[in-house]
Structures are given as C-alpha cells and as structure tokens.
Amino acid sequence: MEDKITFTITRRKLTEILMGLVALFFAGGAIASILKYLWPATAAKGENVEIKIANVDEVPTGSVRKFMFNGKASVLLHMPAGFRAFGSVCTHLGCIASWSPPDNLIICPCHLGKFDPNTGAVVSGPPPSPLPAIDVVVKEGAVYALAWKDPAYVKTISFYAGAA
Ligand code: FES
C-alpha cells in the first residue's frame with residue numbers, strides 16, 4: 001500500500017495563484033490604509049496622554065523647553081502671560097520651528113515662517129495654518145501637557161509632520 005499523495009499543477013494555474021497572492025497583498029495594503037483612515041492609530045499610540053514636561057523652576061519666564069508630545073516635536077514656552085505649548089513642526093513643509101527671544105516669535109528656519117508665541121498663529125511667511133496648541137496645566141510644581149487643543153486639526157496637519 002502506497003501513502004503517497006501527488007498534486008499536479010499547470011504552469012498557468014501556478015501563475016494564477018501567484019498573481020492572486022500579489023493582488024491579495026496589495027488589496028490588504030489598501031484595506032489597511034482605509035481602516036487606518038477610519039480609525040487613526042493615534043488613540044492606540046496614547047494620543048493626549050498627560051505627560052510631565054518640566055518642573056516650573058526649570059523653565060523661568062522667557063525660556064523654553066523642547067519635548068515630544070504624542071510623537072511630535074513640541075515646545076513649551078514660559079511667556080509673561082503664562083505657559084504656552086505648541087507642536088513645533090511647521091505647518092508649511094514640516095521643518096522644526098523654534099523660539100527666537102530677540103524677535104519674540106517662533107520661527108521656522110526653512111522658509112522663515114513666523115508664529116505668534118502666545119497663540120501659535122501665523123505672523124508671516126508661507127505656513128498655511130497655525131502651530132497646533134497643546135493644553136498645559138501646572139500642578140505640584142511641574143508643567144504637564146494634557147492634550148491637543150484641537151485633535152482634528154492635528155490630524156489634518158500630521159501629513160506634514162510625518163511620523164514626527
Ligand atoms: S517649512 Fe516652515 S516655513 Fe517652510
């Protein structure tokens with residue numbers, strides 16, 4: 001008695017199977033993209049998870065502290081009116097903007113986009129929209145980042161920020 005099982009497959013059938021697997025691979029990528037659009041992974045990554053930025057005495061008035069918030073480069077500014085925080089990825093083409101004390105502005109070095117350090121609004125230059133603001137709170141002697149003020153807005157500009 002022989003327990004041998006044999007399959008025969010034509011070259012044409014093998015090609016169809018391989019083409020089907022390739023099509024399935026690309027369709028899977030497209031479906032994954034649609035699902036990612038419908039249910040952004042930001043929540044899974046812990047978007048808006050409160051983080052401690054710095055102790056208050058480490059950021060005296062007129063100084064800044066860079067930090068990462070939800071994977072995006074961000075900056076805390078201690079303005080005379082209080083603490084302000086923004087994502088620092090420029091809304092033009094994604095360079096990192098930084099505080100310029102002599103100008104009292106947040107300036108992007110790439111194309112000289114300028115932002116108001118109190119509001120994040122565009123003052124001049126090519127950026128099409130403000131820097132995204134982050135809610136902050138001071139408690140127990142430290143400054144914490146709480147959440148993006150407008151999470152929907154952050155999603156619209158995340159293209160520019162890439163994975164940053
Ligand atoms: S990337 Fe910031 S002004 Fe162009």
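In which sense do strand 1 and strand 10 pair, and over how many bridges?

Analyst: In this predicted model, strand 1 and strand 10, the latter covering residues 142-148, pair in the antiparallel sense, and the pairing runs over four bridges. Within this pairing, lysine 52 has tyrosine 144 of strand 10 as its bridge partner.

The pairing belongs to an open sheet of six strands, whose order is 1-10-9-4-3-2 and whose pairing is antiparallel. Strand 1 (51-55) is an edge strand of this sheet, as is strand 2 (64-69), and each of them pairs on one side only. Averaged over the sheet and with direction ignored, neighbouring strands are turned by 30° against each other.

A further open sheet consists of four strands in the order 5-6-7-8, again with antiparallel pairing, and its edge strands, strand 5 (98-100) and strand 8 (122-124), each pair on one side only. Inside that sheet, strand 6 (residues 105-107) and strand 7 pair in the antiparallel sense over two bridges, and isoleucine 106 has phenylalanine 115 of strand 7 as its bridge partner.

As to confidence, the protein has a mean pLDDT of 85, with 86% of its residues reaching 70 or more. Confidence is highest in strand 7 (residues 114-115), at a mean of 97, and lowest in helix 2 (residues 151-161), at 65. Over residues 42-46 the pLDDT is below 50, and this stretch has four contacts in the model beyond near neighbours in sequence.

Terms used:
Residues are numbered from 1 along each chain as its sequence is written. This is a predicted model: local features need pLDDT of at least 70, side-chain atom pairs count only at pLDDT 80 or more; totals for chains, interfaces and linings use all residues. pLDDT is the predictor's confidence in each residue, from 0 to 100. Two residues are in contact if their C-beta atoms, placed from the backbone, lie within 7 Å. Two strands pair if DSSP finds at least two bridges between them. Axes are lines fitted to C-alpha atoms, for helices over the stretch in contact, and angles run from 0 to 180 degrees between N-to-C directions.
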